[in-house]
Amino acid sequence: MIPTDIPPPLEVDPARRIFGLETEFGLHLDSAASRAVTPEEVAGHLFHSVVQWGRSSNVFLTNASRLYIDVGAHPEYATAECDTLTDLIAMDKAGERIVQDLVAGGEERLRAAGVEGEIHLYKNNTDSAGNSYGCHENYLVRRRADFKAFASALLPFLVTRQIVTGAGTITRTPQGAHYSFSPRADHMWEGLSSATTRSRPMINTRDEPHANAELYRRMHVIVGDSTMAEPTTLVKVGATDLILRIMEARAILPELTLAREMQAIRDVAHDLTGTATVELVDGRRLTAVEVQQTYIELVRSHLGGVIERTEEVDRILDLWQRGVDAVRTQDFSGVETELDWAIKHRLLMRYQERLGCTLDDPRLARLELAFHDVSPERGLFAKLQAQGLVRRIVPEEAIVRAMTQAPSTTRAHLRGEFVSKALESGRDFTVDWVHLKIAGASGTTVLLKDPFRSEDARVDALLDALATP
Amino acid sequence: MAQLNAQGQPYEDETPEPDAPAPAPAAQASGDALDDLLAEIDGSLQVNAEQFVRSFVQKGGQ
């Protein structure tokens, strides 16, 4: 018998937050086959083994994360709910390996269908024709009546953080090629909107908290680049979390409202010198370096108050500051093993020097794809890490563990247990972010509205029900 | 609770801090490692680079 009482929401430390990262991967078949093979067909073969065990190409895994094929045949991996940044980075890196593990089976199925080729999966944000796909950051925030104003207040930060958190890319224009901070910046058309593919906002305001809607909302940030290096992901999510903590404490924010956000995000992206200015509504013009420095000072002023000082906070602030310093001084060497845009810049410049070519040379574009290729053999990133050219944050064992095990301190733990036990039992089941259900059995749906809760008597009973045939 | 030593500081764990930043390698050595890596992959990257890049086209996502 499953108890029906929903436990009351846990009292949660305001510093504790639920994070999630959703990554759409680029899917590329490199093949000399005479017939055209669509991305949809490749994705179908890639997910064949998933459909075999999950009866769907849209599944939750034993690590409580979601794996599916999204719009445009992009394999997408959404991490389980994490309440620490190290868990989040481990889950995110685990996702790269989970999708990569589908490649060999996909290639075999293609071969059986008469197509010889290699499948590449890129953790990047644009294809060669300039189509864009995203990396979405989720931050659970406390519900408030003025959500739109609250979300808007984050925009000056999001427009300018790319000088630290951008993935970097070669931008080709009719006037020639140049290196920019963020491949995603050019695809942004609005500050806030509830649509995603039609209008491409920086923050998606669709009210879908996947949690108790009386208490929470989800800050769904979709302006960011997919990031490869663990320290870049740390500062991308970590610095954003610190600003949100200050905003949630209703502290006074510096007046940095931008006059034209869409112009500003492009101007910042395309100026590696960091001297381009953005216009504020009060008429001032500031560089992205100045705006980011203002946010760093803001966080520093709240240390020991709204923001408890921890080693992790110190580390985020340190890298954030070094990133801003690198742009201000134009000496990138201080971050060239930690920030994606600087790692890639160094790599591309070195290769360009070796080849003696111009920046729009296709071999440099090829190198860029190799950087984002998540394959440990065909990709470049794993090799850079192995050579110590990219720093790591999370131990290897934690990433391997995260491929099969959910984070232990959030609702993900309950979902992970349920999926594992349900698969073992061979019973049909359905799962989403807030529901667990054994198919066919009446009264066995459990609603999990509290993402902070990692223990629940109802789920224990559900697991018992699975264990008894 | 962590045990404290005479100075009142917690003892360091015996295992090295997994997330402690590694000491920055000398710029020269790191540059050499990068050159070696580029030399290693250069051959495979140059094969039909243009065709390879051009063939990666997919509809946009979200």
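Helix α17 (residues 457-467) of chain A lies across β16 and β17 of chain A, and runs at about 25° to β16(A). Angles run from 0 to 180 degrees between N-to-C directions, and axes are lines fitted to C-alpha atoms, for helices over the stretch in contact. The model is a predicted one, in which local features need pLDDT of at least 70 and side-chain atom pairs count only at pLDDT 80 or more, while totals for chains, interfaces and linings use all residues. Residues are numbered from 1 along each chain as its sequence is written, and chains are lettered from A and ligands numbered from 1 in the order in which they are written.

The sheet itself is open and has three strands in the order β15-β16-β17 (chain A), with antiparallel pairing; two strands pair if DSSP finds at least two bridges between them. Its edge strands, each pairing on one side only, are β15 (429-431) and β17 (445-447) of chain A. On average, and with direction ignored, neighbouring strands of this sheet are turned by 5° against each other. Three bridges hold the antiparallel pairing of β15(A) with strand β16 (residues 435-438) of chain A, and A:Phe429 stands opposite A:Ile438 in β16(A). Helix α16 (residues 411-425) of chain A also packs on the sheet, where it touches β15 and β16 of chain A, and its direction makes about 160° with that of β15(A). For these contacts, two residues count as touching if their C-beta atoms, placed from the backbone, lie within 7 Å.

Strand β8 (residues 169-173) of chain A and strand β9 (residues 176-180) of chain A run antiparallel and are joined by five bridges. A hairpin leads from β8(A) to β9(A) through two residues, and A:Ile170 has A:Tyr179 as its bridge partner in β9(A).

A helix pair of chain A comes next. Helix α3 (residues 85-100) of chain A packs against helix α8 (residues 230-248) of chain A at an angle of about 130°, with the axes 10 Å apart. The helices α3(A) and α8(A) are therefore oblique to each other, since angles under 35 degrees count as roughly parallel, over 145 as roughly antiparallel, 65 to 115 as roughly perpendicular and the rest as oblique. On the α3(A) side the contact is made by A:Leu85, A:Leu88, A:Ile89, A:Asp92 and A:Lys93, and on the α8(A) side by A:Glu230, A:Thr233, A:Leu234, A:Val237 and A:Gly238.

Lastly, the second chain. In all, 28 residues of chain B are in contact with 43 residues of chain A. The elements that give two or more residues to this side of chain B are α1 (27-46) and α2 (49-54) of chain B, and the largest share, ten residues, comes from α1(B).

Key: Helix = DSSP H or I, 4+ residues; strand = E, 2+ residues; numbered from the N terminus.
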